[in-house]
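Open the model in your viewer and keep the selection tool at hand. This tour says what to select at each stop and what is found there.

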Amino acid sequence: MTPPAPPRLAVRARPFDFALDPGRAALVVIDMQRDFVEPGGFGAALGNDVALLASAIAPTRALLDAWRARGWPVVHTRESHAPDLSDCPPAKRDRGSPALRIGDPGPMGRLLVRGEPGCEIVPELAPAPGEVVIDKPGKGAFFATPLQAELQRLGVTQLVFAGVTTEVCVQTTMREANDRGYEALLVEEATASYLPAFKAATIEMIVAQGGIVGWVAPLAAVLDALAHAPAGAR
Ligand code: TIU
């Protein structure tokens, strides 16, 4: 006989409480790479003040610690391209007029190219052994990646999101997840944007119309729910 499923945990969220399923929720950390967060990377080449993203590191670390303590699944993503740029459409590489383009050499190696130092996740949030790492050529993490197959393998139906940037890769991935039937929750302090007004607008877009894209919760609410999760439930 299969044991009864552990009870769901109410997370205080907008537009209404999120019913966290201890057996089926993965933490998804989007693109916390040196190329976005540190000077000299892709984000800086686009003309952004990368210091604005540092605020997301400590809250994301708190989430990771709580998730790992429960033994629940963690997924990290990296926006990245093959060294020959065969997975980088010219329309993406040529966009805008940055100081450096994807694949160009910078102080942390070639921008957004797999294997280069700048493409790695910041040391504070480095993936632990056994955690899933998805290299993605697009802004959304489902496009041209094995993410859906990995989530199915893990039995995951709920995704709790952290990472950068809120309105680009995080929101795109939440929308992809929502359309695929996943329940998606964004943790407010664990995400950041180069444009704080866009982070605020994204949060409102997600929760509008009864949660048209998903839910948004404060970090404390998620940590509180995790603290009440049955030991080892997964
Ligand atoms: N430019 C910007 O805000 N973001 C990206 O290019 N990628 C991600 O959001 N990861």
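Contact here means heavy atoms within 4.5 Å. Helices (H or I, at least four residues) and strands (E, at least two) are DSSP runs, numbered from the N terminus. The model is predicted, so local features need pLDDT of at least 70 and side-chain atom pairs count only at pLDDT 80 or more, while totals for chains, interfaces and linings use all residues. Residues are numbered from 1 along each chain as its sequence is written, and side-chain values use heavy atoms, with hydrogens and water left out.

**Stop 1: H6 and H7**

Select residues 166–179, helix H6, and residues 196–211, helix H7; their axes come within 10 Å and cross at roughly 15°. Axes are lines fitted to C-alpha atoms, for helices over the stretch in contact, and angles run from 0 to 180 degrees between N-to-C directions. H6 and H7 are therefore roughly parallel to each other (angles under 35 degrees; over 145 is roughly antiparallel, 65 to 115 roughly perpendicular and the rest oblique).

Now show side chains. On H6, pick Thr166, Glu167, Gln171, Met174 and Arg175; they meet Phe198, Lys199, Thr202, Met205 and Ile206 of H7. This contact of H6 with H7 has four nonpolar, three polar and three charged residues. Here Ala, Val, Leu, Ile, Met, Phe, Trp, Tyr, Cys and Pro count as nonpolar, Asp, Glu, Lys and Arg as charged, and the others, Gly among them, as polar.

**Stop 2: H3 and H8**

Select helix H3 (residues 57–70) and helix H8 (residues 219–227), whose axes come within 10 Å and cross at roughly 15°. H3 contributes Pro59, Ala62, Leu63, Ala66, Trp67 and Arg70 to the contact, and H8 contributes Leu219, Val222, Leu223, Leu226 and Ala227. What kinds of residue make up the contact of H3 with H8? There are 10 nonpolar, no polar and one charged.

**Stop 3: the ligand**

A polar side-chain atom of lysine 139 is 2.9 Å from a ligand oxygen atom. Threonine 165 also has a polar side-chain atom 2.9 Å from an oxygen atom of the ligand. From valine 164, a backbone N or O atom lies 3.2 Å from a ligand nitrogen atom.

**Stop 4: backbone details**

Most residues other than glycine have a negative phi, and most peptide bonds are trans. Stay at valine 164: its peptide bond to threonine 165 is cis, with omega near -15°. Threonine 165 lies in the loop between strand E8 (158–164) and H6. Another cis peptide bond joins arginine 14 and proline 15, with omega about 0°. Finish at leucine 85, where phi is positive, near 60°.

Technical notes:
A polar contact is a pair of N or O atoms within 3.5 Å; within protein, one must be able to donate a hydrogen and the other to accept it, and residues adjacent in sequence count only if both atoms are side-chain atoms.
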